[in-house]
Amino acid sequence: MKITIPDLPQTIELLLDIRSSFDGHTKTIKEWLAEQRNQTKNNLALLNQQSEENDIKILSIFIRDLMVRGILGEAGERFYQAFCQIIHQKSDLTDENYQKVLMLSRYRWGSTKGAAVISAVVNYFGDTLAWNWSGYFNQAEANKDNNFIDDALLKIKNIGFKVRDLALSNFNPNYAAFDLHVTRVVARIGLLAYGWDITEDKTIEFGTNPSDPDNCLFLHRLFLHLAALCNNQFTPVDLDRIFWHLGRSKCKAKTKCETCPINKNCLTGIKRAR
Ligand code: SF4
């Protein structure tokens, strides 16, 4: 059987007008992307003026996603609200307050364990980096090809690529945290086949499970490669969002190939139409 890997820019273009619902709102994928880009722009604007207030704002955004997998229902927003309610300035960064935040946000692995993670993160950014957020984000950008594998945060217990990449995605669109719904969509369309190009690097292991650190490295490199195939008009975060919304609207557990605009590009859609 001969297969043709879908042309990526053409496929993406066809997806942008799909309407997708999330959090009580329905918008086109193009509009969701614009909102996401705007949010990243606002987050980056916090770096332009160093102040105690901005340090705490950046910390609250960043740490929300580092902790998200430990919160029941993975409700990062609940942690964020609790953090903002209790931590207003650097003198509020105490173990006692971390425990209050974690209890309010129903941290599933116990507030003592969670407080140890927050404390290690705060010590790293506050004491080791002297709140030099730009320095940290510049390091992340410089090391994007290897997924910033030497990031000191990855040595903290309970912080792995997935949550670290999610936290970084708020400030750097080259980092995205892929979930199984996204990798399933990418596999169905046939875009995983572009991964063969990057496995020439023998340290890269082909795989689609975002919870596996080796597969995380593969997915990170794959999405950088897909972004390059789009002439970087779409970043890895954009592509992650596009496939995530496609997964919510058309490419669910039971696919809606008949009404999917890429059913003539997607390998699964073509197969199912026969
Ligand atoms: S054509 Fe079908 S399998 Fe392919 S992306 Fe669309 S819904 Fe998913």
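Helices α9 (180-189) and α13 (267-273) each supply at least two residues of the shell around the ligand, where helices (H or I, at least four residues) and strands (E, at least two) are DSSP runs, numbered from the N terminus. The structure is a predicted model, in which local features need pLDDT of at least 70 and side-chain atom pairs count only at pLDDT 80 or more, whereas totals for chains, interfaces and linings use all residues. Residues are numbered from 1 along each chain as its sequence is written.

Around the ligand there are 14 residues, of which Cys 251, Cys 257, Cys 260, Cys 266 and Gly 269 come nearest; a residue is near a molecule or strand if its C-beta atom, placed from the backbone, lies within 6 Å of it. Divided by class, the shell comprises seven nonpolar, four polar and three charged residues. In this division Ala, Val, Leu, Ile, Met, Phe, Trp, Tyr, Cys and Pro count as nonpolar, Asp, Glu, Lys and Arg as charged, and the others, Gly among them, as polar.

The domain assignment gives domain 1 (8-40 + 175-273) and domain 2 (51-169), with bounds that come from an automatic or database domain assignment. Their C-alpha centres are separated by 27 Å. Eleven residues of domain 1 are in contact with ten residues of domain 2, contact being defined by C-beta atoms, placed from the backbone, that lie within 7 Å. On the side of domain 1 that touches domain 2, α11 gives the most, with five residues. The residues of that side divide into nine nonpolar, two polar and no charged.

The largest nonpolar core has 65 residues, and those with the most contacts inside it are Ile 63, Leu 66, Phe 223 and Phe 243. Such a core is a set of buried Ala, Val, Leu, Ile, Met, Phe, Trp, Tyr and Cys residues joined through C-beta atoms within 7 Å. Helix α11 (residues 213-229) gives the most to this core, namely nine residues. At least three residues of the core are drawn from each of domain 1 and domain 2. Ile 63 touches Phe 83, Ile 118 and Val 121, residues up to four places away in sequence not being counted.

Phe 83 lies in helix α4 (residues 76-86). Because Phe 83 has 25 C-beta neighbours inside 10 Å, it counts as buried; a residue is buried if 20 or more other C-beta atoms lie within 10 Å of its own, exposed if 12 or fewer, and partly exposed in between, with C-beta atoms placed from the backbone. Apart from its neighbours within four places in sequence, Phe 83 is in contact with Ser 60, Ile 63, Arg 64 and Val 101.

Strand β1 (residues 19-22) and strand β2 (residues 25-28) run antiparallel and are joined by four bridges; two strands pair if DSSP finds at least two bridges between them. Ser 20 has Lys 27 as its bridge partner in β2. The two strands, β1 and β2, form a hairpin with two residues between them. Asp 23, in the turn, has a positive phi of about 55 degrees although it is not a glycine. Asp 23 counts as exposed because it has 5 C-beta neighbours inside 10 Å.

A positive phi, of about 75 degrees, is also found at Asn 158, which is not a glycine. Asn 158 is located in the loop between α7 (133-142) and α8 (161-169). With 15 other C-beta atoms within 10 Å, Asn 158 is partly exposed.

Conventions
Contact = placed C-beta atoms within 7 Å.
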